[in-house]
Amino acid sequence: MSTHLRFAPEILIRLGEELIPHPDLGVIELVRNAYDADATRSVVQLHNATQPGGTLVVEDDGDGMTAEEIREGFLLIGRSSKPGTPDSRSSRRRIGEKGLGRLAALRLGRRVELVSRPRSEPGVEHSLAIDWSDYEAVRSVEEVELEIVSRPTSKAAGTSLTVHRLKQGFDKEQMERLARAMRLLTGFFNDEVTNFTATLIAPQFEQVSSAVNHSFFNECEYKLEAHLDEDGYASAVLYDWRGQVITRGDHIDVAPDTSSGRLQSPLRYQAPAASFELWMFLLNKRSFELRGSKRRYTDLRPWLRVVGGVHLFHRGLRVHPYGDQGFDWLDLNLLRARSPELRPSTNTSVGRVSVEDPDGLLIPKTDRMGFQENSAFIELREFARSATDWAARERKRIRDSERLGKPAPTSPSGSGPSVRHKPPHKVSTDHSTVTEHEGQTELLPLAPSPLIRRQEPVLPVVPLERLLYRWLATRGILSSALAALPVAEAVGAAESQALTIAASAIHSESFGVEALDLNEAVKRSLSALRPLLEKQEITLIEEIRDESILVAGSTSDLTSIVWNLSANSITSLAHANDLDVRSILVRTGIAGDRAVLEFLDSGPGITHVDLADMWRPGVTGEGRKSTGLGLTVVRDAVSDMCGRRPVVEEGDVSADAYGELGGATFRIRLPVLPEG
């Protein structure tokens, strides 16, 4: 007896309702199908859809489908004719791969109506209805008969698909997700030539469109352009805010040697040809004023909130979830935490990676959540990451040269890849390796030897009276800062009492130097300040590294550092009257052999005081009623934790007048202790 495979109706649930985690992704799949059908527009409407039972309508003016194409294409789940015919009628490269996305979209409701008018059959339309309840009473999906009805029409070519009785409503969050996905689908960089528009008939779409249309690309501080050619060779260019070239890099500059972290004659990237653009911004009023911008810097942050991050465009359309909020696929935030200087985050940059992929090397995931992480995708991601690394190195080189008062040497420029044939000559010294590259000398730190790694760390010796002085000074400085707040914002008795209790929790063991987890110490210190920050309507953002960071110091000193920097930010924010956002960001990370602690705020920045002199006692900003000792306490505590080094001169305490949040950025660097 012969037989064949059969599928129970439950397979429709597995491949449909459970395939796509969010309903907006199903809608986007139908819009992407319209793009593959050579449509110039796709319109999405939701009727009475805030609750279950509503209706979804997706219409386009594409090529439509014949009855045969409906039968052998639309209704044939799991197979797509698109890979075999990659180009559409107008040479548009198709993006569909698996033929599964539309099933997930159709399962959003309980009944589906399809009406299609093929361009190849003018005056004819074909319709099909699917009632999913028909599949509940059968043992296999093949038992349900579907009928395609053909009739004359005077309408132009195109397809209309209606999903009735939606199983779940589109609440406010889902509508906002759908509106953003629809608006960003075809791009927002003002240079796209897709000949395709996607529109959602909803107020949320108009709001997102309005925010997106206030383009700020011309207000970027730096722009990175990187290209990966068909042979796998990379090149990059870094521009300043005027659009002038700062520096160029070829393949040897952009592609690192992952085995040693140093540059070598690298292999080519095994990825499809691509381009990568990254616009980097400074979120502060002063940078706008210095450029003579006519735009309001306060409008920049809402725009970045909608479009910020690095987006991936495949064959002309944006691919979810790359660039979505919280999906940092290039690890910009992680890399910035480890090396905070001169690196963008997803909150301060907008980027796109564009790839055509004619050979189909990038394979979509079945759940439509991006691409499978095969070698081609991993190499593409590595190319973009390496380009951002190169830009950070170049910006640091230029900044360091400016600080020394020397012109920054330009990087080699050239249109094609180049390879250094002569390996660098290394000369060993006691503590470092001197690397000579074509007449240039660079000092590189040596990794500690295995013998040194096995030794117990030597903790700095700090006199008890010094620790006690700093702690008592910190309590007085914080009390003085709170007392100087404007009367309308004065801290209440409950918050003062909370700080008093927290301060008294510092016991005798807290004044001994030991190996401490920087992350835990920072979190404990911030927890005592949280009620005060809430009272002042200041948002506290903590970006604390997941892994432990061991440093040598006392609990009292680390608390003094956190509280003094917090007091500085609180005072700055309290006296600024034109702020739309009042926030403090605290971040920890590792840069080389140093632990990094950063304090950033959205205040007015550092004005009327020298960035080097402000660490001295008694130095305050113009008009500030403060003791002028807070930063001195921070400096002295860091100095003891670093072994009495000149920490200001060596950069272990530093500040930027205008940082990532628009206000001041304070940066502390401490030696990292080996674990174990």
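In this predicted model, the largest nonpolar core has 64 residues, and the members that touch the most others are L56, M182, L200, F281, W303 and V350. Take W303 as a way in. Setting aside residues up to four places away in sequence, W303 touches A211, V212, H214, S215, F216, F217, F281, G308 and V350. Apart from this core lies another one, made of 54 residues, with I544, W563, V647 and F666 among them.

W303 also belongs to helix α9, which runs over residues 300-307, and its buried residues are L300, W303, L304, V306 and V307. These residues sit on the same side of α9, because they cover an arc of only 160 degrees around the axis. What do the buried residues of α9 pack against? Their partners are the helices α5 (172-184), α6 (203-213) and α8 (285-291), plus the strands β12 (309-314) and β14 (349-355). After α9 comes G309, which has a positive phi, near 105 degrees.

Now for the charged side chains. Side chains of opposite charge can pair when their charged atoms come close, and the model has 31 salt bridges. One of them joins R151 and E125, at 2.8 Å from N to O. R151 is in strand β5 (residues 148-152) and E125 in strand β4 (residues 124-131), so this pair ties together parts that are 26 residues apart in sequence. R151 is partly exposed at 35% relative accessibility, while E125 is buried at 10%.

E176 is partly exposed, with a relative accessible area of 34%, and K172 is exposed at 59%.

Buried or exposed: which describes R587 in its salt bridge with E598? R587 counts as buried, at 2% relative accessibility, and E598 is buried too, at 1%. Their closest N and O atoms are 3.0 Å apart. R587 lies in strand β21 (residues 583-591) and E598 in strand β22 (residues 594-601), so the pair links parts 11 residues apart in sequence. Both belong to a network of salt bridges that also takes in E543, D656, E660 and R667.

Leaving out neighbours within four places in sequence, S654 contacts W615, T665, F666 and R667. S654 counts as buried, at 16% relative accessibility.

Technical notes:
Residues are numbered from 1 along each chain as its sequence is written. This is a predicted model: local features need pLDDT of at least 70, side-chain atom pairs count only at pLDDT 80 or more; totals for chains, interfaces and linings use all residues. Side-chain values use heavy atoms; hydrogens and water are left out. A nonpolar core is a set of buried Ala, Val, Leu, Ile, Met, Phe, Trp, Tyr and Cys residues joined through side-chain atoms within 4.5 Å. Buried means under 20% relative accessible area, exposed over 50%, partly exposed in between (1.4 Å probe, protein chains only). Contact means heavy atoms within 4.5 Å. Helices (H or I, at least four residues) and strands (E, at least two) are DSSP runs, numbered from the N terminus. The arc is that of the directions from the helix axis to the C-beta atoms. A salt bridge is a side-chain nitrogen of Lys or Arg within 4 Å of a carboxyl oxygen of Asp or Glu.
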